[in-house]
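The following note is meant to be read with the model open beside it. Each point takes up one part of the structure in turn.

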Amino acid sequence: MLLVKKNIPSLFKILLIIGFGYFFWLMLKITLEYIPLQKEVSFLMIKQTEVVQRPEYLYFFYTHVYTSIFVLLTGFLAILRKDVGLKNFHQNAGKTYIFLILIFSAPSGIYMGIFANGGILSKISFVILGGLWWFSTFKAYQLARQRKFKEHKQWMWRSFALTVSAITLRMWKVIIVYLFHPNPMDVYQIIAWMGWIPNIILIEYLITKKYI
Amino acid sequence: MKILKLTLITLFTITLTGCKKDGKTTDSSKDSLSGKKDSVVVQEFHKEYYGIYMGDFAGKEMITPEEGEEYEGDVYKKISLKINRITKDSVYGQSIVDGNQRPFRGVFNENTKSFILDEPGNDKTDGRFEVSLDKDSLTGKWNAFNKSAVKAPVKSLKLIKKEFIYNPNFMLDENSELIDWENPKNFVEKYTDEETGKTEKYTTSKNRIASDAVFKINASKQKLTEKDIKNLRKLDLEIIKNSVFARHGYSFKKATYRNFFEQTDWYIPVSNNVDNDLSPMEKENVALLNRFIKYAEDKYDSFGR
């Protein structure tokens with residue numbers, strides 16, 4: 001029994017890694033739909049109003065699509081803190097994560113949020129999400145520079161919880177559509193909030209209870 | 001060498017133009033031949049009988065229900081008979097049933113005011129119509145050429161002459177049934193019997209149902225924007241799009257749409273292809289709706305956005 005008890009944390013970790021691997025693969029498949037770069041593919045099929053009326057929309061959109069997959073990957077690798085034999089792996093993965101979010105993924109995300117589907121409530125949610133994402137990542141970066149590693153860890157968990165909202169938002173979509181079959185934009189309004197709020201609540205709980 | 005090349009090219013070009021010229025002469029000789037044909041105008045008679053006659057096409061078939069034995073019952077379909085031309089010897093037109101358009105050729109008896117119309121015979125559902133005209137109605141029967149190839153080899157017809165007019169205002173009637181019976185989705189559900197405590201699995205079918213947006217949005221009268229249709233379900237989008245085609249008299253092949261539009265009193269299926277009849281605005285709306293329908297199909301219930 002003791003052996004089982006001891007191994008539960010590592011078992012949990014393994015499950016998380018497998019789970020993340022599966023969803024990362026799904027996100028990669030989605031990203032690949034956008035290669036080669038086209039104006040009317042996939043999600044853009046219902047954003048032609050924006051594509052046509054705003055010449056910059058495609059730039060922001062593709063910046064977000066092409067960088068975010070690396071954000072997911074580097075964030076996951078950095079937060080695992082596994083020793084893979086490479087020097088400064090955690091720092092290098094982390095720096096890539098921070099750089100991509102602060103310069104590319106978050107600003108483009110905020111821009112897209114302004115034109116989000118589903119009405120004003122969705123737009124507010126995505127803009128707040130983008131803002132918190134940028135801010136938490138920036139704080140985590142600052143704290144690492146100041147070598148305040150305990151707080152750095154806490155803020156990075158906040159940042160990563162928001163990163164993972166890309167996955168949780170889509171999971172909720174599948175569940176809600178399966179259960180209730182609502183109209184497409186009604187689903188969207190719900191998942192715009194459900195995608196990230198439970199994530200951040202969980203992290204704040206874990207921080208308060210000193211698990212992180 | 002240069003001069004040689006130039007000469008060859010020039011000769012080659014001349015040869016080409018020569019070929020072209022020959023082609024032209026052949027064509028014009030063809031034209032003159034057909035021109036000669038056209039100059040003999042075939043006289044047409046009884047143009048007042050031209051038009052579309054629409055109504056019930058009924059036959060007895062063996063029906064196999066989900067439960068129970070086979071029984072012989074009446075099956076009703078809607079048919080349109082289009083009479084296009086009546087000459088001294090022949091009558092030309094088309095029949096349209098279930099989206100299947102077949103030409104016919106036959107004769108008209110002036111004394112009895114009746115038609116005998118034959119479909120070509122190279123399709124297993126072809127047959128002969130024998131109908132009489134009484135003012136605006138055509139009544140009679142139909143016999144399949146190949147009696148063993150069809151479910152109902154003998155059918156009766158009761159048709160009334162209908163004017164097909166395009167009216168962009170036509171909409172589905174608000175009392176219409178909005179359930180798509182043709183595409184049920186099967187769900188396996190669990191049921192626990194309270195008394196015995198046993199859990200059983202059973203399969204239910206759920207059908208799609210359209211919303212009242214189909215009564216409000218008219219793709220023939222308003223230019224649609226993405227905003228107008230973003231929150232509509234796929235069935236709504238499909239109906240709004242196909243209403244455009246229905247208004248132009250398109251004969252739907254899919255039973256889903258036939259069922260929806262046959263409930264109206266204005267839908268007359270007269271043609272297999274109405275693409276050229278759509279107005280520019282209708283064409284744009286259809287393209288927009290198609291995009292959203294495809295997106296709904298690919299993405300509505302999947303992990304992607």
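Is B:Lys135 buried or exposed? With 7 C-beta neighbours inside 10 Å, B:Lys135 counts as exposed. A residue is called buried if 20 or more other C-beta atoms lie within 10 Å of its own, exposed if 12 or fewer, and partly exposed in between, with C-beta atoms placed from the backbone.

1. Conventions. This is a predicted model, in which local features need pLDDT of at least 70 and side-chain atom pairs count only at pLDDT 80 or more, while totals for chains, interfaces and linings use all residues. Residues are numbered from 1 along each chain as its sequence is written, and chains are lettered from A and ligands numbered from 1 in the order in which they are written.

2. Two lysines with positive phi. B:Lys135 is not a glycine, yet its phi is positive, at about 55°. B:Lys135 is placed in the loop between strand E6 (127-134) and strand E7 (137-144) of chain B. Helices (H or I, at least four residues) and strands (E, at least two) are DSSP runs, numbered from the N terminus. B:Lys113, also not a glycine, has a positive phi of about 50°. The loop between strand E4 (100-109) and strand E5 (114-118) of chain B holds B:Lys113. This lysine, B:Lys113, is partly exposed, with 15 other C-beta atoms within 10 Å.

3. Chain B as a whole. Chain B has 6 helices and 10 strands. Of its 305 residues, 24% are buried. Among contacts in chain B with a separation of 6 or more, 51% join residues 24 or more positions apart. Two residues are in contact if their C-beta atoms, placed from the backbone, lie within 7 Å.

4. Domains of chain B. The domain assignment of chain B gives domain 1 (47-162) and domain 2 (179-299); such bounds come from an automatic or database domain assignment. The centres of domain 1 and domain 2 of chain B, taken over C-alpha atoms, are separated by 29 Å. Their contact takes 9 residues from domain 1 of chain B and 8 residues from domain 2 of chain B. On the side of domain 1 that touches domain 2, strand E1 (51-63) and strand E2 (71-86) of chain B each supply at least two residues. The largest share of that side, 3 residues, comes from E2(B).

5. A helix pair in chain B. Helix H4 (residues 234-247) of chain B packs with H6(B) at an angle of about 155°, and their axes are 9 Å apart. Axes are lines fitted to C-alpha atoms, for helices over the stretch in contact, and angles run from 0 to 180 degrees between N-to-C directions. H4(B) and H6(B) are therefore roughly antiparallel to each other, a term for angles over 145 degrees. The residues of H4(B) that meet H6(B) include B:Leu237, B:Ile240 and B:Val244, and their partners in H6(B) include B:Val286, B:Leu289 and B:Ile293. This contact of H4(B) with H6(B) has 8 nonpolar, 2 polar and 5 charged residues.

6. B:Arg208. This residue, B:Arg208, lies in strand E10 (residues 199-209) of chain B. B:Arg208 is partly exposed, with 19 other C-beta atoms within 10 Å. Leaving aside residues up to four places away in sequence, B:Arg208 touches B:Asp180, B:Asn183 and B:Leu235. The C-alpha atoms of B:Arg208 and B:Lys234 are separated by 9.3 Å, although the two are 26 residues apart along the chain.

7. Where the chains meet. The contact takes 16 residues from chain B and 16 residues from chain A. Helix H6 (residues 280-299) of chain B gives the largest share of chain B's side, 5 residues. That side of chain B divides into 6 nonpolar, 3 polar and 7 charged residues.

8. Chain A. The buried residues of helix H8 (residues 184-194) of chain A include A:Val187, A:Tyr188 and A:Ile191. The buried residues of H8(A) pack against helix H5 (119-145), helix H7 (165-180) and helix H9 (197-208) of chain A together with H6 of chain B. Elsewhere, the peptide bond from A:Ile35 to A:Pro36 is cis, with omega near 0°. A:Pro36 lies in the loop between helix H1 (2-32) and helix H2 (48-53) of chain A.

Conventions:
Nonpolar A, V, L, I, M, F, W, Y, C, P; charged D, E, K, R; others polar. Parallel < 35°, antiparallel > 145°, perpendicular 65-115°, else oblique.
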